[in-house]
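Here are my notes for your first read-through of this chain. Keep the viewer open and find each residue as we come to it.

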Amino acid sequence: MAKGKDVRVTVILECTRCVRNEVNRVSRGISRYITQKNRHNTPNRLELRKFCPYCYKYTIHGEIKK
């Protein structure tokens, strides 16, 4: 069995609302989560609703490049 391409890959999710607010105002920080996804089942970018401690609410966190 080949070990070159793993099916499960580690991805970083970043708050989309904090990134947009950084341009307009002084940002306190950017919320990031680390998770894994199955490359075969979800080939597109992952988006999940997670809690952002900087926005104090549940927001959409999108997958970013490493």
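1. Start with strand E3, residues 47-52, which is joined to E4 by six bridges, the two strands running antiparallel. One place to look is Lys 50, which stands opposite Thr 59 in E4. Please keep in mind while you look that this is a predicted model.

2. E3 and E4 form a hairpin, with four residues between them. Tyr 56 is found in this loop between E3 and E4.

3. Thr 59 has its place in strand E4. Is Thr 59 buried or exposed? Thr 59 is buried, since its relative accessible area is 7% and buried means under 20%. Leaving aside residues up to four places away in sequence, Thr 59 touches Cys 15, Arg 17, Leu 48, Arg 49, Lys 50 and Cys 52.

4. Which residues make the nonpolar surface patch? Phe 51, Tyr 56 and Tyr 58 make it, and the patch covers about 380 Å². Phe 51 lies in strand E3 and counts as partly exposed at 34% relative accessibility. Tyr 58, at 54% relative accessibility, counts as exposed.

5. The structure holds one aromatic pair, formed by Phe 51 and Tyr 58 in an edge-to-face arrangement. A pair of aromatic rings is described by the distance of the centres and the angle of the planes. For Phe 51 and Tyr 58 these values are 5.5 Å centre to centre and 70 degrees between the planes. The label edge-to-face applies because the angle is 70 degrees, and planes over 60 degrees apart are given that name.

6. E4 has another partner to find. E1 and E4 run antiparallel and are joined by four bridges.

7. Next come the charged pairs. Side chains of opposite charge can pair when their charged atoms come close. How many salt bridges does a search of the whole structure find? The search finds two. In one of them, Arg 32 pairs with Glu 14, and their closest N and O atoms are 2.5 Å apart. Arg 32 lies in strand E2 (residues 32-38) and Glu 14 in strand E1 (residues 8-15), so this pair ties together parts that are 18 residues apart in sequence. Arg 32 counts as exposed at 52% relative accessibility, whereas Glu 14 counts as buried at 11%.

8. The other salt bridge is formed by Lys 37 and Glu 63, with 3.2 Å between the closest N and O atoms. This pair links distant parts of the chain, 26 residues apart: Lys 37 is in strand E2 and Glu 63 in strand E4, residues 57-64. Both Lys 37 and Glu 63 are buried.

9. Thr 10 lies in strand E1 and counts as partly exposed, with a relative accessibility of 37%. Apart from residues up to four places away in sequence, Thr 10 touches Ile 34, Thr 35, Gln 36 and Lys 66. The C-alpha atoms of Thr 10 and Asn 38 are separated by 9.1 Å, although these residues are 28 residues apart along the chain.

10. Finally, step back to the whole chain. The chain has one helix and four strands, and from the N terminus on its elements run β-α-β-β-β. Of the 66 residues, 24% are buried. Among contacts with a separation of 6 or more, 50% come from residues 24 or more positions apart. The accessible surface comes to about 5500 Å², and carbon and sulfur atoms account for 51% of it.

Definitions and conventions: Residues are numbered from 1 along each chain as its sequence is written. This is a predicted model: local features need pLDDT of at least 70, side-chain atom pairs count only at pLDDT 80 or more; totals for chains, interfaces and linings use all residues. Side-chain values use heavy atoms; hydrogens and water are left out. Buried means under 20% relative accessible area, exposed over 50%, partly exposed in between (1.4 Å probe, protein chains only). Contact means heavy atoms within 4.5 Å. Accessible areas come from the Shrake-Rupley method with a 1.4 Å probe; for residues, only the protein chains shown count as cover. A salt bridge is a side-chain nitrogen of Lys or Arg within 4 Å of a carboxyl oxygen of Asp or Glu. Two strands pair if DSSP finds at least two bridges between them. Patches are made of residues with over 30% relative accessible area and no salt bridge: like charges are joined within 9 Å, nonpolar side chains (Val, Leu, Ile, Met, Phe, Trp, Tyr) within 5 Å. Rings of Phe, Tyr and Trp (its six-membered ring) pair if their centres lie within 6.5 Å; planes under 30 degrees apart count as stacked, over 60 as edge-to-face and the rest as tilted.
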